[in-house]
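Please keep the sequence and the 3D view at hand while reading.

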Amino acid sequence: MVNSPKKILLANRSKCFVMYVGMFLQRLGYKVIPAETGTETLKLLNMFTPDIVVLDSELASVDSYTVFRQIKEEKRTSGIPVIMVLNDDEKKQKYREEGCKCFISTPVKLSELHEVVEGHSGSKKRKFLRAPFKQKISL
């Protein structure tokens with residue numbers, strides 16, 4: 001039996017962020033489902049259950065706080081780890097009070113994102129982003 005890749009719902013208002021971080025996560029072996037608005041995020045959550053949600057704090061249409069609360073209140077999605085992307089300390093406190101345990105500051109450092117996602121996914125596919133090549137090559 002082949003293990004299917006873990007699914008990450010990547011919700012961010014920036015197409016560039018979604019593309020860049022999405023490609024990075026795909027290279028780590030994850031299946032990335034992109035969303036650019038709160039409405040799109042909620043629709044996708046109704047269609048499938050991701051293993052992790054990476055959620056921007058500034059989504060359009062339906063705000064991120066509403067999306068986060070719906071994830072945590074619905075029985076089917078309440079156990080999904082949510083990684084919030086934000087800098088505002090007041091907002092962090094608001095999300096903490098609602099049960100969010102993981103925050104990443106912007107600009108996002110890929111090494112930090114890698115560590116956090118791997119910690120929440122329960123898999124250690126790649127220990128290092130770049131592993132040294134130890135084999136000697138002769139020409």
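1. A residue is called buried when its relative accessible area is under 20%, exposed when that area is over 50%, and partly exposed in between, using a 1.4 Å probe and counting protein chains only. This is a predicted model, in which local features need pLDDT of at least 70 and side-chain atom pairs count only at pLDDT 80 or more, while totals for chains, interfaces and linings use all residues. Residues are numbered from 1 along each chain as its sequence is written, and side-chain values use heavy atoms, with hydrogens and water left out.

2. On the overall layout, the chain has five helices and five strands, where helices (H or I, at least four residues) and strands (E, at least two) are DSSP runs numbered from the N terminus. Read from the N terminus, these elements follow the order β-α-β-α-β-α-β-α-β-α. Of the 139 residues, 40% count as buried.

3. A contact means heavy atoms within 4.5 Å. Among the contacts that link residues at least 6 apart in sequence, 57% join residues at least 24 apart.

4. Glu40 belongs to helix H2, which covers residues 38–47, and Glu40 counts as partly exposed because its relative accessibility is 33%. Apart from residues up to four places away in sequence, Glu40 touches Pro34 and Ala35. A polar atom of the Glu40 side chain lies 3.0 Å from the backbone nitrogen of Glu36. The C-alpha atoms of Glu40 and Ala60 are 9.6 Å apart, although 20 residues separate the two along the chain.

5. Once neighbours within four places in sequence are set aside, Ser64 is in contact with Leu55, Asp56, Ser57, Glu58, Leu59 and Tyr95.

6. A disulfide is a covalent bond between the sulfur atoms of two cysteines, and here the term is applied to a pair of cysteine sulfur atoms within 2.5 Å. By this rule, the count is zero disulfides. Cys102 is in no disulfide, and the nearest cysteine sulfur, that of Cys100, is 6.8 Å away. Cys102 is buried, with a relative accessible area of 8%, whereas Cys16 counts as exposed at 54% relative accessibility.

Technical notes:
Polar contact = N/O pair within 3.5 Å; in protein donor to acceptor, adjacent residues only side chain to side chain.
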